[in-house]
Amino acid sequence: MRRNNLLRTIIIGLAIVWSLWQLYPTFVVGRQKKEAENYLVQIERETGLNRDEINEALNAGQLESRIRQRLHDKPADSLQALLKEAASLIALHDKISKNETKTIKRGLDLQGGTYLVYEVNLPKLMRDVAKNKDARFEEIMKKLDVVAATPNADYFAALQASFAEADIRLNRYFGSRAQTDAQILDELKREADDAIDRNLEILRNRIDQFGVSEPSITKQGSRRVVVELAGITDKNRAKNIIGKTALLEFNLVKDPQIFQDVITKIDNLLKRDLAAKPEVGTAIDTSVTDSTGASGKVSKDKAVNVSELFAGSSIVPSDTAAASSDSVQVDKDIFSGNPFISLLRDVGRSEVAVPAQNVRAVERILNNPEVQKLIPPDAEFAWSNKPEKVADEQYYYLYLVKKEAELTGALLTDARPEIASGSGMIRQGEWTVSMQLNDEGTRIFSRVTGANVNKRLAIMLDNKVVMAPNIKEKIPSGRASIEGSMNAEEAKDLAIVLRAGSLQAPMQVIEERTVGPSLGQDSISKGTWSAIISLILVMLFMAVYYKLSGLLADSALVLNLVMLLACMAFLKATLTLPGIAGIILTIGMAVDANVLILERIREELRAGKTVRASIDAGYDRAFWTIFDANITTLLTALVLYQFGTGPIKGFAVTLMFGIAVSMFTAIVVTRVVYDYVTRRYNLKALSI
């Protein structure tokens with residue numbers, strides 16, 4: 001029977017051209033990366049910059065300036081030669097960036113990178129949504145903290161049981177008075193699910209802006225999120241961006257007189273507390289002191305053990321392991337008159353700082369319930385977000401700010417890292433983050449700044465003061481900036497988390513792994529060689545056993561592989577080790593289909609049929625067997641894709657496309673070739 005193969009031939013031709021078109025960027029980028037590697041090695045060797053620093057400079061368009069900074073004392077010839085190499089690398093980097101989105105990506109197991117598992121902090125979320133919190137509530141929640149730390153524990157079942165055991169209805173702390181415990185529990189579960197889902201979206205936004213080409217962010221169970229960042233080796237930076245809560249608030253700083261008054265009261269309380277202990281208090285002056293400047297005395301600091309310094313104190317108990325090992329920098333003479341003030345330092349600019357070594361002791365004092373009563377109800381102490389070096393010592397600044405924020409980051413529309421031009425307090429060249437507020441934020445910001453001229457406004461991120469500038473005038477534009485000893489990377493990271501918004505529920509890392517490049521390369525090599533060796537062995541067997549017909553089947557196998565990879569490139573799929581396993585399995589299934597067809601043709605030839613008739617009968621008889629086997633495997637792959645996670649899904653996707661492509665190449669492509677050859681040469685015998 002004469003077959004019209006024109007349409008099939010056109011389809012096959014288009015499929016081949018399309019496949020080569022899809023794989024071309026992968027081939028080109030692979031070649032460009034090898035070329036870029038030579039430049040990277042040379043720049044690393046000449047400048048001492050590591051790979052992450054070079055890539056960061058490339059992305060920021062600052063590679064040439066970084067090289068100039070590093071080689072400023074080198075001869076001009078060597079600098080120019082390296083700048084030429086850098087220019088070539090920049091050109092290659094631009095080309096790679098342009099084409100990389102069209103290439104086949106490599107997964108975490110092939111490329112190396114960072115694997116993080118986050119768990120949502122349900123106890124913190126429950127405390128945040130609770131109302132009317134009291135001592136009984138905190139007592140129950142402390143018991144639930146233990147449950148939350150237990151793997152796979154049902155937190156909400158434990159919460160319900162704990163409140164039932166205490167004979168307290170949930171509506172005392174959650175929901176409304178008219179709701180039943182079951183309704184409130186369902187609402188809390190929905191709140192938790194919603195928070196996790198919104199966290200997932202925020203994480204995706206943050207990671208997208210981080211520049212990871214193929215991140216994998218998946219929900220695991222009801223409380224966990226798995227993040228895979230292929231190619232990211234700076235684990236700490238990734239954690240810093242991903243895990244930051246990024247709660248941005250603008251809080252007014254209390255007047256210096258109020259701050260001074262609170263400090264003095266705390267100092268007096270601590271003094272009375274120590275004076276009540278004969279072994280310590282006999283040497284303490286109990287008169288009131290009115291200065292945070294350590295009484296104007298020249299400080300003679302030395303490290304003193306906390307348990308020794310505060311022996312017998314009820315405010316700083318010395319019976320804990322932490323106290324026995326902590327020490328503070330303090331002048332004992334000043335301490336005898338002003339125990340709390342002696343832990344602080346006046347570093348000028350009307351700010352009170354605390355030596356890094358004293359921070360823990362000051363925190364313990366401030367968190368004492370008796371001390372808390374001395375703090376105005378609408379105020380709270382807050383620390384600067386990072387230490388500042390003053391005269392070879394690290395200090396944290398201490399602020400007294402209003403509890404209620406004037407406005408929050410929810411009203412933020414944009415945040416960008418910028419280099420200062422040198423106006424105002426900030427020096428030229430320093431990095432800042434500029435922010436733009438929406439209409440509502442602009443209106444509030446304008447009102448707050450207008451009503452508090454000459455007061456300080458603290459910009460707080462995650463309850464830490466990033467900066468507390470003085471309000472000089474009303475700001476009606478809705479634009480503000482965060483300043484404060486940031487480098488380019490810190491400014492960029494801060495802008496990322498501000499733009500992405502704050503997490504809906506705090507999360508903590510419970511598992512982290514870094515897959516090294518050597519392991520990734522090892523995996524690539526083994527996977528690649530497995531595929532190549534299996535393909536070569538199969539092709540040799542087919543060529544030897546089925547002669548020219550076997551070579552035709554081999555050609556179909558190669559085309560099968562090319563089309564499968566082209567499909568992956570088109571779908572922007574990520575190639576992983578399970579994916580390579582799927583490709584190898586696909587090769588096996590494609591061989592099986594070809595063997596079935598060739599064996600059927602052999603049977604027909606032995607039965608005395610002509611070549612043409614044997615080919616037609618062979619394909620007809622083999623088709624349903626091949627179809628049945630592939631459909632069964634396809635259904636299995638669909639089930640794996642539906643219910644599997646991560647690597648299993650990757651395997652299923654590769655297998656599904658492999659099945660479709662292998663049926664096309666084994667049944668359609670080889671049949672068209674047979675039809676063309678038998679019609680063109682009128683064969684009397686078939687090499688099979």
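**Close-up views of a predicted model**

**View 1. The residues around the largest cavity.** Ser549, Leu552, Ala553, Asn594, Ile597, Leu598, Tyr619, Thr670 and Tyr674 line the largest cavity. Please keep in mind that this model is predicted. The space inside the largest cavity comes to about 40 Å³. Which helices each give at least two residues to the lining of the largest cavity? They are helix 20 (517-570), helix 21 (577-606) and helix 23 (646-681). Sorted by class, the lining of the largest cavity holds 6 nonpolar and 3 polar residues, with no charged residues. The count for this model is 2 cavities of 30 Å³ or more. Empty space of this kind is found by rolling a probe the size of a water molecule over the atoms.

**View 2. Helix 1 beside helix 4.** Here we turn to a pair of helices. Two packed helices can be described by the distance between their axes and the angle between them. For helix 1 (residues 6-47) and helix 4 (residues 76-100), the axes come within 9 Å and cross at roughly 150 degrees. Angles over 145 degrees count as roughly antiparallel, and helix 1 and helix 4 are therefore roughly antiparallel to each other. Their crossing is left-handed. In the contact of helix 1 with helix 4, the residues comprise 12 nonpolar, 5 polar and 6 charged.

**View 3. Helix 3 beside helix 4.** Helix 4 also has a crossing with helix 3 (residues 63-70): the two axes come within 10 Å and cross at roughly 160 degrees. Helix 3 and helix 4 are therefore roughly antiparallel to each other. Is the crossing of helix 3 and helix 4 left-handed or right-handed? Helix 3 passes helix 4 in a right-handed crossing.

**View 4. A salt bridge between Arg127 and Glu138.** Side chains of opposite charge can pair when their charged atoms come close. In the salt bridge that Arg127 forms with Glu138, the closest N and O atoms are 3.4 Å apart. Arg127 belongs to helix 6 (residues 122-129) and Glu138 to helix 7 (residues 135-148), so this pair ties together parts that are 11 residues apart in sequence. The model has a count of 17 salt bridges.

How values were computed
Residues are numbered from 1 along each chain as its sequence is written. This is a predicted model: local features need pLDDT of at least 70, side-chain atom pairs count only at pLDDT 80 or more; totals for chains, interfaces and linings use all residues. Side-chain values use heavy atoms; hydrogens and water are left out. On a 1 Å grid over the protein atoms alone, a cavity is a set of points where a 1.4 Å probe fits but cannot get out, and a pocket is an open set with protein on both sides within 12 Å along at least five of seven lines; lining residues have an atom within 4 Å of a point. Grid points are joined across faces, edges and corners, and a volume is the space filled by probe spheres set on the points. Helices (H or I, at least four residues) and strands (E, at least two) are DSSP runs, numbered from the N terminus. Ala, Val, Leu, Ile, Met, Phe, Trp, Tyr, Cys and Pro count as nonpolar, Asp, Glu, Lys and Arg as charged, and the others, Gly among them, as polar. Axes are lines fitted to C-alpha atoms, for helices over the stretch in contact, and angles run from 0 to 180 degrees between N-to-C directions. Angles under 35 degrees count as roughly parallel, over 145 as roughly antiparallel, 65 to 115 as roughly perpendicular and the rest as oblique. A crossing is left-handed if the near helix is turned anticlockwise from the far one by less than a right angle, and right-handed if clockwise. A salt bridge is a side-chain nitrogen of Lys or Arg within 4 Å of a carboxyl oxygen of Asp or Glu.
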